[in-house]
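The sequence and structure come next.

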Amino acid sequence: MAIIGAILGDIAGSRWEFGRPKNLDWKHIDLFTDECFYTDDTVLTVATKYALLNNIPFADAYHKFGNDYPNCSYGGSFHTWLAFDDKQPYNSFGNGSAMRVSPVVDFTDTKDAALWEATQSALCTHNHPEGIKGASVTAVC
């Protein structure tokens with residue numbers, strides 16, 4: 001279950017979401033401390049799984065979970081997207097589509113199916129070619 005690794009990685013890295021110390025000793029560090037927390041990436045990863053489990057559009061799941069958990073450091077464009085009901089993509093090429101895509105591997109059994117689901121998960125917000133590429137490459141890896 002790739003979702004577990006994605007969520008654990010999100011939480012472990014959360015304390016450095018907006019920068020890290022210059023001389024951080026990566027070999028001798030506690031992964032989980034009281035400073036760790038889940039971020040927007042965990043919320044939207046769970047939303048991806050929710051969409052797949054319930055056979056609903058990714059945009060609907062992202063909109064629901066994003067509005068249910070509004071204070072999770074979403075990017076500015078995504079935060080604006082949450083405020084409107086029309087759910088039109090905004091041509092993002094950020095890393096959000098790659099960060100939330102891990103559940104597709106548990107719902108597909110071929111590379112082509114994983115690529116298709118990854119693309120669908122990206123298109124509702126990250127419809128820029130680089131946004132789609134990020135989700136696709138991550139899902140196949």
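## Aromatic pairs

The structure holds six aromatic pairs; rings of Phe, Tyr and Trp (its six-membered ring) pair if their centres lie within 6.5 Å, with planes under 30 degrees apart counted as stacked, over 60 as edge-to-face and the rest as tilted. One aromatic cluster is formed by Tyr74, Phe78 and Trp81.

Lysine 64 lies over the face of phenylalanine 65, 5.7 Å from the ring centre. A charge sits over a ring if NZ of Lys or CZ of Arg is within 6 Å of the ring centre and within 35 degrees of the ring normal.

## Basis of the model

This is a predicted model, in which local features need pLDDT of at least 70 and side-chain atom pairs count only at pLDDT 80 or more, while totals for chains, interfaces and linings use all residues. Residues are numbered from 1 along each chain as its sequence is written, and side-chain values use heavy atoms, with hydrogens and water left out.

## Cysteines

Zero disulfides (pairs of cysteine sulfur atoms within 2.5 Å) are found in a search of the whole structure. For cysteine 36, the closest cysteine sulfur is that of cysteine 72, at 15 Å, which is too far for a bond. Cysteine 124 is in no disulfide either, and its nearest cysteine sulfur, also in cysteine 72, is 17 Å away.

Cysteine 36 counts as buried because its relative accessibility is 16%; buried means under 20% relative accessible area, exposed over 50% and partly exposed in between (1.4 Å probe, protein chains only). Cysteine 124, at 11%, is buried as well.

## Leucine 24

Leucine 24 is buried, with a relative accessible area of 18%. Leaving aside neighbours within four places in sequence, leucine 24 is in contact (heavy atoms within 4.5 Å) with Trp16 and Ile29.
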